[in-house]
Amino acid sequence: MLFKDIPIRKKLMRIIFLINGVVLMVTCVTFFIYEFYIFRKTSTEKLATIGKIIAANSTAALAFDNPDDAKEILSALKTEPHIVAAALYDTAGNLFSEYFSGAGMDVLPATSEIKGYRFTRSHLEGFEPVIQETKLLGTLYLKSDLEDMYDRFRLYAFIAGAVILLSFLLAYLLSKILQKSISKPVLDLGATAKIISEQKDYSVRAVRIGNDELGSLTEAFNHMLDQIQAQNLSLSVFTQNLEQKVVEHTAQLESVNKELEAFSYSISHDLRAPLRAIIGFSAILEEDYSSKLDKEARRITSVIKKNAGTMGQLIDDLLAFSRIARNDMIKASVDNDEMVKEIIDNLAMAAQYDHAKINWVIGPLSPVYADMNTIRQVWINLISNAVKYSSKKETPHIEIGSFVKEGQIVFFIKDNGVGFDEKYRNKLFKVFQRLHSADEFEGTGVGLALVEKIVSKHMGKVWAEAVVDTGATFYFSLPAGNVHKKNVIE
Amino acid sequence: MTQNLVELLLVEDNINDAELTIRELKKNNMANNLIHLKDGEEALAFIFGNGTSAGQQQALPRPKLILLDIQMPKVNGIEVLQKIKSDPATRTIPIVILTSSKEDPDIQKCYALGVNSYIIKPVNFESFTVAIKNLGFYWLLLNQPPLG
């Protein structure tokens with residue numbers, strides 16, 4: 001496990017252990033090095049002192065060439081157990097006398113050329129000149145082992161080991177107690193955060209332990225929770241208000257819709273009944289009193305009938321117009337070829353205009369995914385308009401087709417009729433706006449408004465181009481959706 | 001003439017509509033046994049016999065057809081339809097709703113209650129006379145009424 005992944009408690013322990021270990025190690029190593037040098041220095045000095053004493057004592061033996069005296073002097077070295085060997089050389093460098101502390105014979109250097117003391121791997125050895133006044137009589141050789149030093153170092157190592165062990169034990173016990181002051185607030189904070197995220201209870205608070213940075217963190221954390229709780233509260237109040245408003249508005253809309261339906265019903269019912277009476281009784285007058293009515297009287301009754309009829313048509317158109325906005329669309333695949341053919345046949349049967357003389361050019365029409373009933377109304381209105389406004393031509397020519405443009409299917413109905421002045425183009429699709437008088441061409445001014453409403457409800461567009469007395473072309477576009485989709489109510 | 005001979009019951013509050021209807025039926029000799037009532041209350045009293053004249057309760061009248069307007073004062077056409085169609089003794093009497101409105105929200109309800117036909121009165125006089133003539137011809141002459 002990486003250091004950054006281990007729990008904070010163990011992390012703190014490890015840091016304390018590491019610091020403790022490094023400090024002890026540095027202390028011990030420094031001490032060992034210091035001791036090593038001090039020991040070497042004192043050993044050398046001590047051996048030199050012994051050498052000087054022995055050399056001073058050996059002057060007589062060398063001066064008088066008495067090896068027995070020399071041997072005796074050297075054997076006094078027994079009191080110094082770490083001196084393992086000693087020797088005396090005469091001025092010529094020949095061995096004069098020798099001494100060994102143990103049974104083993106140590107190898108003695110053959111000559112006495114080297115002066116001073118030096119450390120070998122396991123020993124300290126050196127030569128001391130034997131001088132009487134200013135005359136050199138010979139050389140003393142001394143060899144000491146380093147057992148003393150090794151003994152002391154072993155002791156030091158043992159003590160250091162014990163100290164390290166003890167200090168680690170103490171460090172462990174102390175850190176176990178003291179690390180809590182850091183790890184506990186952090187762990188508490190973590191536990192609180194976990195409870196909040198798991199139970200979504202923002203009323204829980206972390207307990208602040210001290211005034212240090214962790215205390216500030218805990219306080220900031222709690223403050224943050226206060227804010228979240230306050231925001232949640234205002235959010236839920238807001239949502240409740242919103243829901244309440246939606247409910248109220250929906251109820252209002254529903255009641256307005258109901259009122260509108262009731263209104264439509266009474267318009268349809270109450271306005272149609274008197275119209276039926278006006279038309280009906282005018283007709284009765286014409287039928288039953290025809291002998292008593294002169295030509296002018298009959299003209300007047302026919303004007304009454306015609307106007308009442310127009311008003312009836314107007315009521316029906318307006319109601320159809322308002323129904324478009326209220327009713328749901330039931331979308332399905334619409335076969336426009338079939339629909340247009342049927343509409344033209346029906347128009348021909350109604351025989352309001354001389355259909356035989358119309359020159360129809362009908363191209364293949366794309367199917368669309370749309371509301372069948374309202375799209376039929378669009379076709380009826382546009383085709384009957386084309387028939388109506390071209391009816392005064394010698395040979396009316398009406399062309400119907402479709403093409404695809406910018407992801408939309410565009411349908412067009414082109415006639416060679418009276419057209420319209422393009423400067424009134426913006427009035428074309430508005431309710432009750434007419435560009436021809438009722439004398440010229442009958443109409444209520446609702447048809448194209450209805451077309452516009454239906455097409456825009458289908459997310460499409462309507463527009464028109466025209467030249468006066470040459471003809472008009474009406475376009476409507478519908479989204480090129482999937483025509484094979486199942487019926488969907490929107 | 002007793003009430004049992006009544007062939008056609010017209011329930012219509014609008015006297016003008018009633019006059020136009022009766023005139024067209026008369027013209028085609030279908031108004032001989034016609035009774036015109038002016039609201040739903042009168043219609044129910046007539047059909048169920050608890051009406052104005054107590055002496056006429058021996059046998060309940062069974063017209064060949066009831067022409068029923070919807071919008072009427074006191075008791076409307078829907079209520080009349082419901083009462084007649086929910087009584088086993090009268091439910092087989094054919095009822096045709098004649099309404100003025102194209103915007104009627106009750107068309108589904110009328111069919112659910114068992115109406116035999118639902119006609120919207122045309123504003124145009126020619127269409128209206130054709131409709132009444134066809135209606136009378138079909139229900140009074142062509143259609144075979146249930147027995148009893």
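Predicted model: local features only at pLDDT ≥ 70, side-chain atom pairs only at ≥ 80, totals over all residues.
**Entry 1**

For bookkeeping, residues are numbered from 1 along each chain as its sequence is written, with chains lettered from A and ligands numbered from 1 in the order in which they are written.

I then took in the two strands whole: strand 9 and strand 10 of chain A pair in the antiparallel sense over eight bridges. Pairing here requires that DSSP finds at least two bridges between the strands. Strands are DSSP runs of E with at least two residues, helices are runs of H or I with at least four, and both are numbered from the N terminus.

The two strands form a hairpin with two residues between them, and E406(A) in the turn has a positive phi of about 50°. Most residues other than glycine have a negative phi, so I noted that one down.

On to strand 7 of chain A, which runs parallel to strand 9 of chain A and is joined to it by four bridges. There I found V361(A) with E399(A) of strand 9 as its bridge partner.

Angles run from 0 to 180 degrees between N-to-C directions, with axes as lines fitted to C-alpha atoms, for helices over the stretch in contact.

Back to F412(A): it stands opposite Y475(A) in strand 12 of chain A. Strand 10 (residues 408-415) and strand 12 (residues 471-479) of chain A pair in the antiparallel sense over eight bridges. Contact means C-beta atoms, placed from the backbone, within 7 Å.

I also checked the loop between strand 11 and strand 12 of chain A, where D469(A) has its place. Phi of D469(A) is near 65°, a positive value in a residue other than glycine. D469(A) counts as exposed because it has 11 C-beta neighbours inside 10 Å. The cut-offs: 20 or more other C-beta atoms within 10 Å of a residue's own is buried, 12 or fewer is exposed, and in between is partly exposed, with C-beta atoms placed from the backbone.

**Entry 1: helix 9**

Is helix 9 of chain A enclosed or open? Nine of the 11 residues of helix 9 (residues 447-457) are buried, so the helix is largely enclosed by the rest of the structure. Among them are G447(A), L450(A) and I454(A). The buried residues pack against helix 6, helix 8, strand 11 and strand 12 of chain A. Just after helix 9, M459(A) takes a positive phi of about 65°.

Helix 5 and helix 6 of chain A pack at an angle of about 165°, with their axes 9 Å apart. By class, their contact has 13 nonpolar, eight polar and five charged residues. I used these classes: Ala, Val, Leu, Ile, Met, Phe, Trp, Tyr, Cys and Pro are nonpolar, Asp, Glu, Lys and Arg are charged, and the others, Gly among them, are polar.

Next I looked across to chain B: 17 residues of chain A are in contact with 16 residues of chain B. Helix 5 (213-288) and helix 6 (295-326) of chain A each supply at least two residues of that side of chain A. Helix 5 gives the most, with 13 residues. The side of chain A that touches chain B has seven nonpolar, six polar and four charged residues.

**Entry 2: chain B**

I counted five helices and five strands in chain B, running β-α-β-α-β-α-β-α-β-α from the N terminus on. Of its 148 residues, 36% count as buried.

Definitions and conventions
Contact = placed C-beta atoms within 7 Å.
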